[in-house]
Amino acid sequence: YTPSAGLPELRQAIADKFQADNGLSYKPNQIVVSNGAKHSCYNAILATCERGDEVIIPSPYWVSYPDMVRLAGAEPVIVQTNERNRWKMTAEEFENAMTPRTKMVIMNSPGNPTGSVYSREELEAIVAVAAEEDIYILSDEIYEKLIYDGVEHASIASLSKQAYDLTITVNGFSKSYAMTGWRLGYMGAPEAVAKAVDSIQSHSTSNPCSFAQKGAVAALKGDQQPLSDMHDEFDMRRNYMYDRISKIANITAVKPQGAFYVLVNISQLGLNSQNFADRLLSKANVAVIPGAAFGDDRTIRLSYATSIDVIKKGLDRFQDFCRTL
Ligand SMILES: Cc1ncc(COP(=O)(O)O)c(C=O)c1O
């Protein structure tokens with residue numbers, strides 16, 4: 001076994017990364033390494049939320065957040081966003097969803113499935129609302145390196161002392177380093193939260209895989225050029241996919257600024273997201289995720305985390321299918 005919160009050398013390397021990339025000073029005892037960022041999010045929710053608490057989640061959301069909240073005994077409160085605001089929750093919408101039971105808000109920028117990136121100013125406004133009632137902010141920043149058009153990634157915890165004290169910053173190796181199966185994610189958190197998470201982890205899963213942790217140290221300390229090559233490849237695929245989608249009649253999409261998805265609004269086609277996805281799969285052999293899974297039945301999600309040849313073929317079929325509706 002390693003220490004349940006992770007190898008000291010990995011926690012130190014993560015602390016160094018937070019400092020260098022995000023302007024965040026976390027001591028190694030504020031860092032817990034888990035079995036994927038998914039596990040980090042779940043641990044963070046378990047450590048802070050309980051029955052009677054409410055957790056605000058902007059929709060469309062990453063599929064697992066509401067169920068993680070329910071597993072902790074708390075209640076998800078969904079705030080519907082829209083294309084006009086690039087699928088982002090405003091501070092006003094956040095404030096309107098707050099009740100005396102609100103314990104946490106979950107932010108995910110760059111976002112899955114929306115590809116949206118919150119600006120520094122938008123995040124500052126969210127922090128101002130959270131700070132009024134000492135609401136925890138779970139900031140899932142797993143797509144931080146996949147961000148385009150010169151847009152800036154702002155880490156919420158770096159915005160102010162108040163933000164730092166309320167925020168649990170989650171990141172991991174699955175997206176930036178394409179190490180999905182290695183199952184390694186981590187959080188930087190206020191000391192008391194990190195301690196509680198360490199305790200939960202030590203009584204549930206113990207440490208994440210020891211030799212995968214060694215791989216993560218190598219990833220953080222090694223040559224970072226592959227990240228930038230991968231980023232450029234994703235950017236090319238994003239432009240291609242968005243250009244093709246924007247030329248298809250009766251569907252709309254916001255050009256994503258981050259992650260590797262395009263969220264397409266299909267509401268003018270007269271099918272709900274599950275029916276659309278089922279028919280597209282059976283008639284055209286193209287798999288997409290129905291937006292209902294992300295809390296928005298008007299949409300489907302395309303991914304460009306596959307080769308450009310597959311993307312081209314998939315979009316040819318997608319376009320032909322849309323013409324038949
Ligand atoms: C927003 C978001 N957070 C977390 C994860 C999970 O990452 P991991 O593989 O590190 O558990 C994903 C993976 O799809 C994701 O999209």
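Mentor: Two strands are said to pair if DSSP finds at least two bridges between them; strands (E, at least two residues) and helices (H or I, at least four residues) are themselves DSSP runs, numbered from the N terminus. This is a predicted model, in which local features need pLDDT of at least 70 and side-chain atom pairs count only at pLDDT 80 or more, while totals for chains, interfaces and linings use all residues. Residues are numbered from 1 along each chain as its sequence is written, and side-chain values use heavy atoms, with hydrogens and water left out.

By that criterion, strand E9 (residues 261-265) and strand E11 (residues 299-303) form an antiparallel pair with five bridges. Within this part, Val262 lies opposite Leu302 of E11. In general, the strands of a sheet pair through backbone hydrogen bonds, in either a parallel or an antiparallel manner.

As for the setting, an automatic or database domain assignment divides the protein into domain 1 (8-221) and domain 2 (225-323). The centres of the two domains, taken over C-alpha atoms, are 26 Å apart. Their contact (heavy atoms within 4.5 Å) draws on 27 residues from domain 1 and 26 residues from domain 2.
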